[in-house]
Amino acid sequence: MRRDRILLAHGGGGSLTRELIETLFLPRLENPLLKSLDDSAVLVMNGQGHAFTTDSYVVKPYIFPGGDIGKLAVCGTINDLAVMGARPLWLSLSFILEEGLLLADLQRIVESIGTTAGEAGVQIVTGDTKVVERGKCEGLYINTAGLGDIVAPNWLGAANVKPGDAVIINGPIGEHGVAVMSQREGIAFQTSVVSDCAPLWPLVKAILDTGAEIRAMRDPTRGGVSAAVCDIARASNVGIRLHEDALPIGREVRGACDLLGLDPLTIPNEGKVLVFCRAIDVAKVLAAMRGNPIGKHARVIGEVSERPPGIVTLRTTIGGERIIDMPTGEDLPRIC
Amino acid sequence: MKAMVQNIGELSHRVGHDVKFMEVCGTHTMVAFRSGLRQLLPDSVRLVSGPGCPVCVTDPSYLDAAIELCGRPNVIIATFGDLVRVPGTDTSLERERAAGANVRIVYSPSDALLLARECPSKNVVFLGVGFETTAPTIAWAIWRAARDGVQNFSVLCAHKTMPRAMDTLLHDKELRIDGFLCPGHVSVITGANIYRFICERYRIPCVVSGFEAWDVLKSIEMLLRQLAEGRAEVENEYSRSVNEFGNAAAQRLMDEIFEPCDAVWRGIGIIPGSGLAIREKYARFDAAKALSVQFREAHVNPLCRCGSVLRGAASPLDCRLFGRTCSPTHPIGPCMVSSEGVCAAYYKYEGVAA
């Protein structure tokens, strides 16, 4: 079987993405900072910790219910900083534009970038513009990098989770993926689901301000909740059990997933955060989250144990138990 | 739910021996694994999966033919998503797409027809793989293409029908099936009566089941009750969607476009009369004829046990490739590719045996 080319699934954030990172990127680029493979690199300069991250956005279509590629590019990068316990401060912004793109569309997207950045208290401080021939990219792609100051008192890496911790999420899952899929040609279906795309920093700050001991946070984007918890279980070498009847999944998202043969747990989110904290801090953390507009529906969805190490399981509604595995990644290309 | 599990326990006790029930629908396979319901069954009740995943039962020579087609200039392959990752002899549609072939994923045959209208200079070939559930939608697309005189749309047809396959499995001495969970989606089209011969000829109970976990548990309970009371009948647990006679309009449409043919099932072999071929009247929409497709014998990994898994004769855990060289990331057999495949379900939901 030929394995000489990149497949769409290599970009899905699942096991093929991981394989590419581990077999192609890491061996050639390895250093201690990169190796942790967290959402941001943590750099210490003059005693102050900084989080540094980058992300590219290729979502199709570039305007979707609840947002557009510009809002997504700001939120996605801010959120990767926030989940490391960093206050996002500065962003870079690079455009790859297709010849023929409507200026009105570009204007709308840049306005959306400005508004989102303003709301989140970050500044766009550097940028770049390239144009390629018609047909060589679809509308536009955006790359952003972000820099923030770590304010969390402890390191929030994926390897930091301990048995006995609780798993909390701030609201219903699967909305971003379903909203984007509903607009795709060949699938297009009527739904009132809108993307949950939102900056997480205000919510994360409220969580950190409680003084509770937060072990780790993750924004479950590509690969959804499944990929995020599988990553954490593996990095921390712990067992994680989720409860199906506790998972917040809207009726429309569930219906769309049934129709398309997808698992809501693997659908990307853009305004959700998984919080791992000590069980005794749960009430405090939940109260702080519920006081925030994007944390109103926060709830505990699972717990961490010693066994089985590295494995995530789901207690099903009817009382069975099954494994949650890292998704392969081919189901939802170009969702963010 | 607890009461149902308790009933199943009591009934299996009354039956007094180990029983093996087979489901023959990929969606049932998924439900059984995703809900973890197999763990709620007593040890004496085994639920096995039969040839219910359409991608899995497709002969590899068909995939090779599709792959050959996608390499021709002026051809666009339109297909359901599951098929693109299934390996043929040397490669898969997914890998050929990465190398430049024109392979599009569609969610219905009507979208493939639409694609043909949008690309008049290309031949759009839809890969017609599936059971009675999808056959009417393909018949509908062919019928409309004929009505509107669309010249550049055709179907590479490998459709199959379920009752003959169930009949064949009952002749397999290795298997000894005590009851069938009949596929709900197929039965919406065909009606529940098509399974009556199984009860009459083989004295084996059948229950048409819905797709929630409790539907499947309820159906298992109904099968056990039939065994305990010495009955063998077709019962309908999915009466909210299925009746005795099925969807007459869909059946008429299928009959207009298709005729029965012998079909090759991966793992089972040729089952006479178990396939659907496009009738001569619509031959110009039959890609095999219109584009002169040659089917050649395919070469698959001899260690792959998908064939036995599909008959319910082996568990994925019996396969030497399972979880070692064959995984959802790098599948070797179709049962590891399809979301409805038994190997993928074992791998994802039961974990690789330590």
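Reader: How much of chain A counts as buried?
Author: This is a predicted model. In chain A, 49% of the 336 residues count as buried.

Reader: What is the radius of gyration of chain A, and what would a compact globule have?
Author: Chain A has a radius of gyration of 19 Å. This agrees with a compact globule, because one of 336 residues would have a value near 20 Å. Along the principal axes, the C-alpha atoms of chain A fill a box of roughly 55 × 50 × 45 Å.

Reader: How many helices and strands are there in chain A?
Author: Chain A contains nine helices and 14 strands.

Reader: And what share of the contacts joins residues 24 or more positions apart?
Author: Among contacts in chain A with a separation of 6 or more, such pairs account for 84%.

Reader: Into which domains is chain A divided?
Author: Domain 1 covers 36–150, and domain 2 covers 158–324. Their centres, taken over C-alpha atoms, are separated by 23 Å.

Reader: How many residues does each domain give to the contact?
Author: Domain 1 of chain A gives 23 residues and domain 2 of chain A gives 20 residues.

Reader: Which elements of domain 1 give two or more residues to that side?
Author: They are α3 (69–82), β5 (86–98) and α4 (103–120) of chain A. The most comes from α3(A), with eight residues.

Reader: What kinds of residues make up that side of domain 1?
Author: The side of domain 1 of chain A that touches domain 2 has eleven nonpolar, six polar and six charged residues.

Key: Residues are numbered from 1 along each chain as its sequence is written. Chains are lettered from A and ligands numbered from 1 in the order in which they are written. This is a predicted model: local features need pLDDT of at least 70, side-chain atom pairs count only at pLDDT 80 or more; totals for chains, interfaces and linings use all residues. Domain bounds come from an automatic or database domain assignment. Two residues are in contact if their C-beta atoms, placed from the backbone, lie within 7 Å. Helices (H or I, at least four residues) and strands (E, at least two) are DSSP runs, numbered from the N terminus. Ala, Val, Leu, Ile, Met, Phe, Trp, Tyr, Cys and Pro count as nonpolar, Asp, Glu, Lys and Arg as charged, and the others, Gly among them, as polar. The radius of gyration is taken over C-alpha atoms; the globule rule is 2.2 Å times the number of residues to the power 0.38. A residue is buried if 20 or more other C-beta atoms lie within 10 Å of its own, exposed if 12 or fewer, and partly exposed in between; C-beta atoms are placed from the backbone.
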